[in-house]
There are 2 protein chains.
Amino acid sequence: MRRHLDFFYFIGSTYTYLTVMRIEELAEREGVAVNWRPFNGRAVMTEHPFHGKPVKCGYMWHDVERRAKRLDIEWTSVPPYPLERPNVPNRIAVIAAHEGWAPEYTKAAYRAWFLRHQNLEDEKVLAEVLDGLGKDGPSVLAQASSEPIRQKFADETEVARSLGIFGAPTFVSGTEIFWGDDRLEEAMEWCKSIRPQ
Amino acid sequence: MRRHLDFFYFIGSTYTYLTVMRIEELAEREGVAVNWRPFNGRAVMTEHPFHGKPVKCGYMWHDVERRAKRLDIEWTSVPPYPLERPNVPNRIAVIAAHEGWAPEYTKAAYRAWFLRHQNLEDEKVLAEVLDGLGKDGPSVLAQASSEPIRQKFADETEVARSLGIFGAPTFVSGTEIFWGDDRLEEAMEWCKSIRPQ
C-alpha cells in the first residue's frame, strides 16, 4: 500500500492556509498519499493562541506573510480574523472529504477568505465557492447542517482528540503526530522512513 | 562586516536546548556570526505554554526528543521541568555573554539539566558547571547577584520586548524576528539574503 499521511485541519486556522496551498505538490513529489481530515480544531484547543496577545498575533500574521512569500504562495494582506462561527465551512469540508473533493473545496474556501477577504460565515459566500466548483450550493449547505454530517464532524474531532491532537494543522503518520505547517516536511520524511503497511 | 544573527535565549526554555546544541555548527557552515543574548524569556511570555495543558506538554517533550534524535543531539529522558527559579543560571549567562564564554557555559548548563537531570536552581550545581569551564564558581555566582548584572539582564529583556519578542529561542536579523528552534534555518537564510552592513 502507498504510504499515507493524515492531514487534520480546520478552516479558521491561519497557518493551515499555507499547508492547504502546498501539501498536494509536496506529497506528489514525495510519493505520499494525503487523507484530508477536517475536524473541529477549535474544540480541542485549550486556549485561544492569540486572543489578548497582540504582540504574538502580530508576529503570527507577519510570519504567515513571510512564509507565504518564501513558499511562493499567493498573498494579499491580512484577512478578517478570527472566524466567529466556522462550523458550516468545516462541515462542508467533511462532505467534500467524504466525496473526494476536499482539496479543491478547501483551497477555494481559503482563497475566498485569505485573498478576497470574504466572510466564510456568510452562506452566500460559501454558495459562491461551491458554485465555482460546479457543486449545487443550496443542496450542499443543507447537507452540511444535517445530523449525519454534524455527527461525522464530531466523530473526527474525537478521533483527533484521542490521537493527542491539540491544534491545526496536524499531520499523523502511524502513531506520530506533527503539529504545524512548519513540520510538514518533517512529517513527510517520517512517513517515508516507515515501512508501508 | 560579517553577517550576524542575534540569538535571544533563556535557560529554562525546552526547545532552546536544541538550538544551543546546534547553532554554532550551523552558523559556522553558513558563515554567520552569532550574538548570544540571554534575556528573561519568562518575563515576556503572556502565558505559560504548557501549564495545565498536559496533552500539549506531552507533545512538546515527545517532539523535543524526536527532534534531538533527528538532529543528532544527545538525549537521555525528560529532565526535571519546569525550573521554578531560573534567574541565577540566566544571569550567569549574561556574564558569560559579556566575557565571551556564553556558548560553552550555556551548553554545559543545558547538559547538566537535560542529560544529567541536575537542578540548575541549586548553586552547588552551577558552581560545578563553572568549575568544569575553569571558572571561579563562588566569584561568578557572587557577580551574578550583583546590581550591574541584574540591570544588564533587565535591560536585555527590555530590548527583547521592544523588538516584539514573546518567547525563546528567538533569532533576530535586522528588524526580522524568528521564533522557535524550528525556524533557525529560516533565520539563517534570511540573514544571508540581506546585504551585510
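At what angle do helix α5 (residues 102–115) of chain A and helix α6 (residues 123–132) of chain A pack, and how far apart are their axes?

Mentor: The model is predicted, so local features need pLDDT of at least 70 and side-chain atom pairs count only at pLDDT 80 or more, whereas totals for chains, interfaces and linings use all residues. Residues are numbered from 1 along each chain as its sequence is written, while chains are lettered from A and ligands numbered from 1 in the order in which they are written.

Helix α5 (residues 102–115) and helix α6 (residues 123–132) of chain A pack at about 135 degrees, and their axes are 10 Å apart. The angle makes α5(A) oblique to α6(A). Angles under 35 degrees count as roughly parallel, over 145 as roughly antiparallel, 65 to 115 as roughly perpendicular, and the rest as oblique. The axes are lines fitted to C-alpha atoms, for helices over the stretch in contact, and the angles run from 0 to 180 degrees between N-to-C directions. Helices (H or I, at least four residues) and strands (E, at least two) are DSSP runs, numbered from the N terminus.

The crossing of α5(A) and α6(A) is right-handed. A crossing is left-handed if the near helix is turned anticlockwise from the far one by less than a right angle, and right-handed if clockwise. From α5(A), the contact is made by A108(A), A109(A) and A112(A), and from α6(A) by V125(A), V129(A) and G132(A). Two residues are in contact if their C-beta atoms, placed from the backbone, lie within 7 Å. By class, the residues of this helix contact divide into five nonpolar, one polar and no charged. Here Ala, Val, Leu, Ile, Met, Phe, Trp, Tyr, Cys and Pro count as nonpolar, Asp, Glu, Lys and Arg as charged, and the others, Gly among them, as polar.

From the helix pair we may turn to the sheet of chain A. Four strands form an open sheet with the order β2-β1-β3-β4, and the pairing is mixed. Two strands pair if DSSP finds at least two bridges between them. β2 (33–38) and β4 of chain A stand at the edges and have a single partner strand each, so one side of each is left without a neighbour in the sheet. On average, neighbouring strands are turned by 25 degrees against each other, direction ignored.

Strand β3 (residues 170–173) of chain A pairs with β4(A) in the antiparallel sense, over four bridges. Within β4(A), I177(A) stands opposite V172(A). Helix α9 (residues 184–193) of chain A packs on the sheet, where it touches β1 (4–9), β3 and β4 of chain A, and its direction makes about 5 degrees with that of β3(A). A further bridge partner in β4(A) is W179(A), which faces T170(A). The hairpin of β3(A) and β4(A) has two residues between the strands, and in it G174(A) takes a positive phi near 60 degrees.

Eleven residues of chain A are in contact with eleven residues of chain B. On the side of chain A that touches chain B, α3 (54–70) and β4 (176–179) of chain A each supply at least two residues. α3(A) gives the most to that side, with four residues. The classes on that side of chain A are five nonpolar, three polar and three charged residues.

How the chains are related remains to be described. Chain A can be laid on chain B by a turn of 180 degrees and a shift of 0.0 Å along the axis, with an RMSD of 0.0 Å. The two copies are thus related as by a two-fold rotation axis. Copies are superposed by least squares on the C-alpha atoms of residues with pLDDT of at least 70 in both. Of the residues of chain A, D182(A) comes closest to the rotation axis, at 3.8 Å (C-alpha). The same surface serves both copies, since 100% of the contact residues of chain A recur in chain B.

Finally, chain B has a helix pair of its own to set beside the part you asked about. The axes of helix α5 (residues 102–115) and helix α6 (residues 123–132) of chain B come within 10 Å and cross at roughly 135 degrees. That makes α5(B) oblique to α6(B). The crossing in which α5(B) passes α6(B) is right-handed.
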